[in-house]
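Have the viewer open as you read.

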Amino acid sequence: MLEPLNEGFLSRISDVLLCGWTCRHCCQRCYESSCCQSSEDEVEILGPFPAQTPPWLMASRSNDKDGDSVHTASDVPLTPRTNSPDGRRSSSDTSKSTYSLTRRISSLDSRRPSSPLIDIKPIEFGVLSAKKEPIQPSVLRRTYTPDDYFRKFEPRLYSLDSNLDDVDSLTDEEIMSKYQLGMLHFSTQYDLLHNHLTVRVIEARDLPPPISHDGSRQDMAHSNPYVKICLLPDQKNSKQTGVKRKTQKPVFEERYTFEIPFLEAQRRTLLLTVVDFDKFSRHCVIGKVAVPLCEVDLVKGGHWWKALIPSSQNEVELGELLLSLNYLPSAGRLNVDIIRAKQLLQTDVSQGSDPFVKIQLVHGLKLVKTKKTSFLRGTIDPFYNESFSFKVPQEELENASLVFTVFGHNMKSSNDFIGRIVIGQYSSGPSESNHWRRMLNTHRTAVEQWHSLRSRAECDRVSPASLEVT
């Protein structure tokens, strides 16, 4: 015979069935167990179980206690328990305990809600101590909209002219007294009938004396100024006035037109750069004036005196050259077309330049062949359209380099150097290397590309082929 179950053990079993969260050491209910208290160094995790006993369970327990007390007083007499001679409980006590367990389970099932709502609190992490402080989530920072984000940028920090931060807030008189670079007189007007913008460069005054960076300038008392005009952001299609010799108060009185739609003209910025011509060294930028055309009445037109401000570009560009390359593997011929050049550096004060192009073939580090175009008088935007052919076997093509040098023709002395580029094995820059690579990948097809001219020193520094030519 099995020993009758103890009523206290059955009550524990009922608690286990009614509450799924129990102490894993003593099988007691989690909200009453005191045997597993953590030390001060242990971390207590509260959740996701309910922090307090559900209301329906507390109500049922109180009702059960009341029912048990009534039942004990009325139905079960208070008589001492009689055990069997072997110390076990009688069968009547066992049946009473089983009936009490069944009644309690049935009464709780009838009172338990179908879907109990459990208040789950946030998980809290903390160290158990005498004073426990729950850790609260930090306050989220304010999110920035795109407008707020870009409003924090300061464009002046990213400007090339970082020393000109306060120019916009200064008057022309204040700019003149601060930089002392002189003033420029010019006018603009848009022709709606012919869709072109006319820019008139009138005169300048109070220009500073010239500056020589290499000590080669002979006349340090007078400047040889001229003005370059362009519509930003397009700096390639620029115009330039003639050079006025030995004066700090030049009078230009020259007009230039730009074929551009009216709406596009309003989005451009007129840039006028005053440059000092020097025959024996690089031309030096004196100052500049920038006028956003959206701020002026283009149709009505107008003229202004504007103070010159310093430019981040101390030296002017040397110009650009348009070339075409074509290689014929079957004939072993490398064909070169000199198409045109534009905005070349002016080498003659009176009549601009008389430019021509010299083409030199270098195999490895040995000069093989030299050819040159005709020179065009009095222009800085020459059109050549001349073709040249060099015999280069296919096995020698990888070691070949072409050196293009632009000179200003001078009958009285040596020709004036304007600019140079190198294309081939020892290219002078990424643009030149890209042109040569495109030509190698497309045999029998002419490949055209514009190239910006470089100084002799720059080419000699990066290309050994430039050192082998004159």
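A nonpolar core here is a set of buried Ala, Val, Leu, Ile, Met, Phe, Trp, Tyr and Cys residues joined through side-chain atoms within 4.5 Å. Buried means under 20% relative accessible area, exposed means over 50%, and partly exposed is in between, with a 1.4 Å probe and protein chains only. Please keep in mind that this is a predicted model: local features need pLDDT of at least 70, side-chain atom pairs count only at pLDDT 80 or more, and totals for chains, interfaces and linings use all residues. Residues are numbered from 1 along each chain as its sequence is written, and side-chain values use heavy atoms, leaving out hydrogens and water.

First, the overall picture. The chain has 470 residues, of which 38% count as buried. Its secondary structure comes to nine helices and 18 strands; helices (H or I, at least four residues) and strands (E, at least two) are DSSP runs, numbered from the N terminus. Contact means heavy atoms within 4.5 Å. Among contacts between residues at least 6 apart in sequence, 66% join residues at least 24 apart.

Now to the interior. In soluble globular proteins, nonpolar side chains tend to be buried together. The largest nonpolar core holds 36 residues, and L321, I338, L402 and F404 touch the most other members. Elements giving two or more residues to this core include β11 (320-328), β12 (333-342), β16 (400-408), β17 (416-424) and α7 (430-441). The core draws at least three residues from each of domain 1 (169-212 + 221-307) and domain 2 (320-468), with bounds that come from an automatic or database domain assignment. Zoom in on I338: leaving aside neighbours within four places in sequence, I338 is in contact with residues including L321, V357, I359, Y384, F388 and F404. A second, separate core of 33 residues includes V201, I286, L293 and I309.

Next, look at the sheet that includes β16 and β17. Four strands form this open sheet in the order β14-β13-β16-β17, with antiparallel pairing; two strands pair if DSSP finds at least two bridges between them. β14 (366-372) and β17 stand at the edges with a single partner strand each, so one side of each has no neighbour in the sheet. Neighbouring strands are turned by 20° against each other on average, direction ignored. β16 and β17 pair over eight bridges in the antiparallel sense, and the bridge partner of L402 in β17 is I423. α7 packs on the sheet, touching β16 and β17, and its direction makes about 45° with that of β17. Axes for such angles are lines fitted to C-alpha atoms, for helices over the stretch in contact, and angles run from 0 to 180 degrees between N-to-C directions.

Finally, the charged pairs. A salt bridge is a side-chain nitrogen of Lys or Arg within 4 Å of a carboxyl oxygen of Asp or Glu. How many salt bridges does a search of the whole structure find? There are six. One of them joins the side chains of E253 and R200 (3.0 Å, N to O). E253 lies in strand β7 (residues 251-259) and R200 in strand β4 (residues 196-205), so the pair ties together parts 53 residues apart in sequence. E253 is partly exposed at 44% relative accessible area, and R200 is partly exposed at 23%.

E264, R267 and R268 are linked in a network of salt bridges. E264 meets R267 (2.9 Å, N to O) and also R268 (2.9 Å, N to O). R267 is exposed, with a relative accessible area of 60%, whereas R268 is buried at 16%.
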